[in-house]
Amino acid sequence: KWWNVLKTRYTESQRAYHTLSHLDEMFGFFEEHVKLISDASSVSLAIFFHDIIYDPKAGSPQNEIDSADVFDQFVQEALPGDGNERGFRAMKVRRWIVQTAHHKCTEDDEMDCKL
């Protein structure tokens with residue numbers, strides 16, 4: 001189900017930049033820096049979901065907030081893990097998705113966010 005959701009969203013007609021090609025580019029950067037990434041699963045999730053919602057009329061940061069909300073639905077339906085580990089990963093990835101509105105991480109953020 002979720003691959004179809006991602007594919008459908010990233011191929012919407014209003015998208016010029018935030019497409020499947022953009023995801024491919026992001027995963028290229030991921031591969032370049034994978035040795036520096038401590039939580040590859042979370043980084044991958046953030047890449048997949050960071051632009052899942054793109055409404056040119058809504059703009060930023062609303063698109064990022066809405067993308068994080070879709071990620072929350074994914075968490076409820078499909079995120080593996082249980083208990084604290086699952087909750088921690090979900091909060092971290094959601095935070096990273098919202099932060100893409102400004103393309104900045106805080107000083108206290110994990111290195112994975114800063115890459």
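Student: Which residues touch the most other members of the largest nonpolar core?

Tutor: This is a predicted model, where local features need pLDDT of at least 70, side-chain atom pairs count only at pLDDT 80 or more, and totals for chains, interfaces and linings use all residues. Side-chain values use heavy atoms, without hydrogens and water, and numbering runs from 1 along each chain as its sequence is written. A nonpolar core is a set of buried (under 20% relative accessible area, 1.4 Å probe, protein chains only) Ala, Val, Leu, Ile, Met, Phe, Trp, Tyr and Cys residues joined through side-chain atoms within 4.5 Å. Of its 25 residues here, those touching the most other members are Leu 45, Phe 49, Ile 52, Phe 71 and Phe 74.

Student: How many aromatic pairs does a search of the whole structure find?

Tutor: Rings of Phe, Tyr and Trp (its six-membered ring) pair if their centres lie within 6.5 Å; planes under 30 degrees apart count as stacked, over 60 as edge-to-face and the rest as tilted. The search covers the whole structure, and its count is seven.

Student: What kind of pair do Phe 27 and Phe 30 form?

Tutor: Their ring centres are 5.8 Å apart. Their planes meet at 70°, so the pair is edge-to-face.

Student: What kind of pair do Phe 27 and Phe 48 form?

Tutor: Here the centres are 4.9 Å apart. The planes are at 55°, so the pair is tilted.

Student: Which residues form one aromatic cluster with Trp 2?

Tutor: The cluster contains Trp 2.

Conventions. Buried < 20%, exposed > 50% of the residue type's maximum accessible area, 1.4 Å probe, protein only.
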